[in-house]
Amino acid sequence: MKFHYPNGKKYVEATLPSKKTKAKPKQISYSNRGMTLEEDINETNQYYLTFQKAVIHKKPTPVQIVDVHYPSRSAAVIKEAYFKQPSTTDYNGVYNGRYIDFEAKETKNKTSFPLQNFHEHQILHMESVHKQEGITFVLIRFSVSEEVFLLPYEALRVYWDRMAGGGRKSIKREEMEEKGFSIPLGLHPRVDYLKIVHQLYF
């Protein structure tokens, strides 16, 4: 009997490996446990909150909804919405009595981080936090190698100003290694950035 999926695609029964050729057991890799940097940071922040190390959350993005459809009484579907204002940074909170505010970015580039991933209003926001003696920085992941760096705002501002002056439009990998701080990936917490924050600011 032939079976078809709802989309019309034919169902094909999976064939088992023969007894002569044993399937090799897959090696477990922990390098890709976090699908995205945001997920890893959210998991880390939950760990910090659970163990009362810090209170840090992802900022909600202000959105204005202009068109909603109600296919049923218990369901609503947003058809059209707009950002009310430019977002600042991704995360903020409190650690050890100090205000923390930071942005998280990823790149598939292996040799550099493009500065176009930042917006001017984000840089200006971090500058304001810095002037008020808050702790502000960026977490940057090179997704291909699964490496995460903490780059303090002071260093980021140097590279941003260099670009604004007509210079290089990205941060070289070597510069990231020189001015940033590598965060080894773990299990609990996944991205322990507060360990570096403590070393830098306390």
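Student: At what angle do helix α2 and helix α3 pack, and how far apart are their axes?

Tutor: First the general idea. Two packed helices are described by the angle between their axes and the distance between the axes. Here, α2 (residues 120-131) and α3 (residues 153-164) pack at about 140°, with axes 11 Å apart. Axes are lines fitted to C-alpha atoms, for helices over the stretch in contact, and angles run from 0 to 180 degrees between N-to-C directions. Helices (H or I, at least four residues) and strands (E, at least two) are DSSP runs, numbered from the N terminus. Note the source: this is a predicted model, where local features need pLDDT of at least 70, side-chain atom pairs count only at pLDDT 80 or more, and totals for chains, interfaces and linings use all residues. Residues are numbered from 1 along each chain as its sequence is written, and side-chain values use heavy atoms, with hydrogens and water left out.

Student: Which orientation class do α2 and α3 fall into?

Tutor: Angles under 35 degrees count as roughly parallel, over 145 as roughly antiparallel, 65 to 115 as roughly perpendicular and the rest as oblique. α2 and α3 are therefore oblique to each other.

Student: Is the crossing of α2 and α3 left-handed or right-handed?

Tutor: A crossing is left-handed if the near helix is turned anticlockwise from the far one by less than a right angle, and right-handed if clockwise. The α2 and α3 crossing is left-handed.

Student: Which residues make the contact?

Tutor: Contact means heavy atoms within 4.5 Å. From α2 come Glu120, Ile123, Met126, Glu127 and His130. From α3 come Tyr153, Glu154, Leu156, Arg157 and Trp160. By class, that contact has five nonpolar, one polar and four charged residues. Ala, Val, Leu, Ile, Met, Phe, Trp, Tyr, Cys and Pro count as nonpolar, Asp, Glu, Lys and Arg as charged, and the others, Gly among them, as polar.

Student: Now the sheet. In what order do the six strands lie?

Tutor: Two strands pair if DSSP finds at least two bridges between them. The order is β1-β4-β5-β7-β8-β10, in an open sheet with mixed pairing. β1 (55-58) and β10 (181-183) stand at the edges with a single partner strand each, so one side of each has no neighbour in the sheet. Neighbouring strands are turned by 25° against each other on average, direction ignored.

Student: How many bridges join β8 to β10?

Tutor: Three, and the two strands run antiparallel. Take β8 as residues 147-152. Leu150 has Phe181 of β10 as its bridge partner. Val148 is bridged to Ile183 in β10.

Student: What about β7 and β8: over how many bridges do they pair?

Tutor: They pair in the antiparallel sense over six bridges. Phe142 stands opposite Glu147 in β8. The hairpin of β7 and β8 has four residues between the strands, and Glu146 takes a positive phi near 60° there.

Student: Is Glu146 buried or exposed?

Tutor: Buried means under 20% relative accessible area, exposed over 50%, partly exposed in between (1.4 Å probe, protein chains only). Glu146 is buried, at 13%. For β8, five of the six residues are buried, so the strand is largely enclosed by the rest of the structure.

Student: Which other residue has a positive phi although it is not a glycine?

Tutor: Gln52, with phi of about 55°. Gln52 lies in the loop between α1 and β1. Gln52 is exposed, with a relative accessible area of 75%.

Student: Which residues does a cis peptide bond join?

Tutor: His188 and Pro189, with omega about 0°. Pro189 sits in the loop between β10 and α5 (193-201).

Student: What does Tyr48 touch?

Tutor: Leaving aside neighbours within four places in sequence, Tyr48 is in contact with Lys53, Ala54, Pro189, Val191, Asp192, Tyr193 and Leu194. Tyr48 is in helix α1 and is buried, at 1% relative accessible area.

Student: And Asn45: where is its place?

Tutor: In helix α1 (residues 37-50). Asn45 is buried, at 5%. Not counting residues up to four places away in sequence, Asn45 touches Ile56, Tyr91 and Tyr193.
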